[in-house]
Amino acid sequence: MRTFGLFLLFLTIGFGQTVEEQYRERSRKIIAAAIKDEDGMKRLAYLCDRIGHRLSGSEAFTRAVAWSAAQMIEGGLENVSTPKVKIPHWVRGKEMAEIVSPVRVPLTMLGLGMTGGGDVTAEVVGVRSFEELDKLGRAGVAGKIVLFHPPWVSYGVTGAFRRSGPSRAAKLGAAAVLIRSAGVPAANSAHTGVTNFEPGVPVIPAAALSEESLGTLERLVASGERVVVHYKSEAKTLPDADGANVIGELRGSEKPDEVVVISGHLDSWDAGQGAHDDASGCIGPLQALILLKQLGLRPKRTIRVVFWANEENGTRGGLAYRDQFKDQLKDHVIAIEMDGGAERPVGLGVTGGGEKALAQMREIGKLLQPIGAGLVTPGGGGTDIGPIMREGVIGSGVRTVGKRYMEWHHTAADTLDKIDPVEFKKNIAQLAVFAYVLADMEARLGQ
Ligand SMILES: [Zn+2]
């Protein structure tokens, strides 16, 4: 009797089987279903073409919330909810900039998020670093339009001029700011994005230029002749608007209180369609969960899909989620965010959980070798999952080949035609396999 009991026990836990062996058949099924799936692309197309870009506070964002919740219900997800969150409401309005002297040339520009409006005609002073700005000081900057034209290095390095350049110039009395776009130059596109004004500093107009317009302007400034630009913007920040996160689940069969989060942000900039950034990061996780449901693969733990509100200019959705679930964060196994576009996925970056979690993730990654999407590397996460990662939740971000993402990022060119359906399906497969195994495997991640 005793021997028989032990035998049964060995049978049930798959004695001697690795996670890879245990889930090989099921992961093959999941990958095959994802590669065959057409509904994910249909949903992505609807969000991009029929709802369009979705800036926080816009009417389109409100419609996107309602549509997303309806998609989750239609897909058979459980506990679908739209917990409310107040979000910033910045409005671009009309904007234009042109060189008026020594020649008249329109500039291809895109105002930065959270800037102010104004009608400025002033001399341009160019700087390539914050040191050069500080050296000019108030005497050299006040009343002028500051042009930040550092060399393009990376989003992290060059992006600093977008994030804090306008505030630093405004502090010295600048009337407006123009910057080199924080993105890889491509076909006369200007890249918008958020900028942050220090409290008490005037909120002045500030815009990014296309590489072509920047080149024209910097060559004229370098000639030593006085260069004057006319820059007009209606940008303004209204009182906070009503927004919401969108949440749906596949409840776990044995440990429903333990949760694996897969997520992306529903808001976008008001240029293009926010197709890569981050419609793909919402529909990818959603379709992954719908496929698991359709395959009848209900894991032991709960998988929760979250569409975050307001990643681009406030992270209010991520902060509200942290507060809403503060007593349940200890039961969050991992939070995965897809916010790097839907090019060919190569794997996941992981933060937290130590060597143990990294080894477990790498074991799961082996299941994705058939599509080359299983590389697990230390370090990674996402803006929206940042608040719960800081509370100790293991965080992870999807990594792709990232070949052209930074050409399209925050530009009018981030549209559905830039999404390769085959690569998008691989993203769905990757998310579905990782989420399913993490939610179903015997050991909890990191333990
Ligand atoms: Zn994004």
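Close-up 1. The model is predicted; local features need pLDDT of at least 70, side-chain atom pairs count only at pLDDT 80 or more, and totals for chains, interfaces and linings use all residues. Residues are numbered from 1 along each chain as its sequence is written. Strands β8 (residues 176–180) and β9 (residues 206–209) run parallel and are joined by 4 bridges. Strands pair if DSSP finds at least two bridges between them; strands (E, at least two residues) and helices (H or I, at least four) are DSSP runs, numbered from the N terminus.

**Close-up 2. The open sheet has 8 strands with mixed pairing.** Their order is β4-β3-β10-β6-β7-β8-β9-β5. Because β4 (105–106) and β5 (109–111) stand at the edges, each with a single partner strand, one side of each has no neighbour in the sheet.

**Close-up 3. Helix α3 (residues 39–51) packs with helix α8 (residues 275–294).** The angle is about 140 degrees and the axes are 10 Å apart (axes are lines fitted to C-alpha atoms, for helices over the stretch in contact; angles run from 0 to 180 degrees between N-to-C directions). Among the residues that meet are Leu-44 and Leu-47 in α3, and Ala-279 and Ile-283 in α8 (contact: C-beta atoms, placed from the backbone, within 7 Å).

**Close-up 4. Lys-403 lies in the loop between β18 (395–400) and α12 (405–408).** Lys-403 is exposed, with 11 other C-beta atoms within 10 Å (exposed: 12 or fewer; buried: 20 or more; partly exposed in between; C-beta atoms placed from the backbone). The C-alpha atoms of Lys-403 and Arg-344 are separated by 9.0 Å, at 59 residues apart along the chain.

Key. Contact = placed C-beta atoms within 7 Å.
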